[in-house]
Structures are given as C-alpha cells and as structure tokens.
Amino acid sequence: MANKRMFSKQITTSDAFMDMPMSSQLLYFHLNMEADDDGFVANPKRIIRMVGANDDDLKILLVKRFLLAFQNGVVVIKHWLLHNAVRKDMYRETQYLEEKKMLKVKENMVYTEIRN
C-alpha cells in the first residue's frame with residue numbers, strides 16, 4: 001500500500017458527497033487512505049472503530065454507492081481510479097482477485113459490478 005493518496009474534487013465536492021453526514025465523509029477519506037493499490041479495503045469495521053464512525057456511516061456510503069461491498073466484508077472504493085493513478089513500477093495488485101473479477105471498469109473510470 002502506498003503512503004500517498006489523492007482525491008478527485010469531482011467526487012468530494014459533489015452534492016451527493018456533501019449531503020452525507022460529516023462522519024460518513026470522514027470514514028470515506030480514511031477508507032481511501034487504507035485501501036490497497038486497486039482500491040480494496042479488507043477491514044472497514046476496524047476503520048469505523050478507529051475513526052469513531054458507526055455502521056450507519058458505512059451503510060450510507062454503500063447506499064449512495066461510494067463503496068461496493070462483497071460477501072466476505074471487503075469493500076472497494078467505487079471511484080478509486082478517478083482518485084488515484086498508481087505508477088506501474090510502484091503498483092501492487094490486490095490480493096482480492098476473486099472480488100476484482102466481479103467488477104468492471106466503465107468508460108468513465110468507475111468500478112461497477114458485473115451483472116449476470
């Protein structure tokens with residue numbers, strides 16, 4: 001995981017983002033900071049406790065589709081590729097390869113689920 005992360009103002013200044021409670025916004029920023037180089041976060045519940053957020057903040061991020069969740073509790077930052085471009089020589093692929101196979105990257109560089 002890198003030590004530097006970036007955020008797209010296109011996302012963080014959107015009405016959808018700004019309409020969320022501050023605790024949900026804070027959780028989003030911390031989840032981004034803890035994500036791997038593909039935007040996956042293995043331990044969102046630990047981060048919730050660490051920053052003083054609550055489960056409702058995570059639910060808000062999921063309902064508003066800032067995060068996508070998997071059955072095993074892993075989440076991915078939907079707009080990860082808009083926020084961050086990791087240099088190829090620094091990139092380390094996620095360990096969540098099965099979850100990554102369940103996603104596609106749309107033309108606008110946003111993750112979405114592959115529907116069967």
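Q: What makes a residue count as exposed in this predicted model, and where does that leave Asp89?
A: A residue counts as exposed when its relative accessible area is over 50%, and as buried when that area is under 20%. Asp89 has a relative accessible area of 56%, which is over the 50% cut-off, and Asp89 is therefore called exposed.

Q: Where along the chain is Asp89 found, and how many Å separate its C-alpha atom from that of Lys64?
A: Asp89 belongs to the loop that runs between α6 (80-83) and α7 (97-101). Its C-alpha atom and that of Lys64, a residue 25 places away along the chain, are separated by 33 Å.

Q: Why does Met109 count as partly exposed, and what is its phi near?
A: With a relative accessibility of 39%, Met109 falls between the cut-offs of 20% and 50%, and therefore counts as partly exposed. Its phi is near 65°, a positive value in a residue other than glycine, and Met109 is placed in the loop between β4 (103-105) and β5 (111-113).

Q: Which residues make the contact of α3 with α4, and how do they divide by kind?
A: Leu26, Leu27, His30, Leu31 and Glu34 of α3 meet Pro44, Arg46, Ile47, Ile48, Met50 and Val51 of α4. The residues of this contact divide into 8 nonpolar, 1 polar and 2 charged.

Q: Which residues of the largest nonpolar core touch the most other members, and which elements supply at least two residues each?
A: The core has 27 residues, and Leu27, Leu31, Leu61 and Ile77 touch the most other members. At least two residues each come from α3, β1 (40-41), α4, α5 (55-63), β2 (67-69) and β3 (75-77). Leaving aside residues up to four places away in sequence, Leu61 touches Met20, Ser24, Leu27, Tyr28, Leu31, Phe66 and Leu67.

Terms used:
Residues are numbered from 1 along each chain as its sequence is written. This is a predicted model: local features need pLDDT of at least 70, side-chain atom pairs count only at pLDDT 80 or more; totals for chains, interfaces and linings use all residues. Side-chain values use heavy atoms; hydrogens and water are left out. Contact means heavy atoms within 4.5 Å. Helices (H or I, at least four residues) and strands (E, at least two) are DSSP runs, numbered from the N terminus. Ala, Val, Leu, Ile, Met, Phe, Trp, Tyr, Cys and Pro count as nonpolar, Asp, Glu, Lys and Arg as charged, and the others, Gly among them, as polar. A nonpolar core is a set of buried Ala, Val, Leu, Ile, Met, Phe, Trp, Tyr and Cys residues joined through side-chain atoms within 4.5 Å. Buried means under 20% relative accessible area, exposed over 50%, partly exposed in between (1.4 Å probe, protein chains only).
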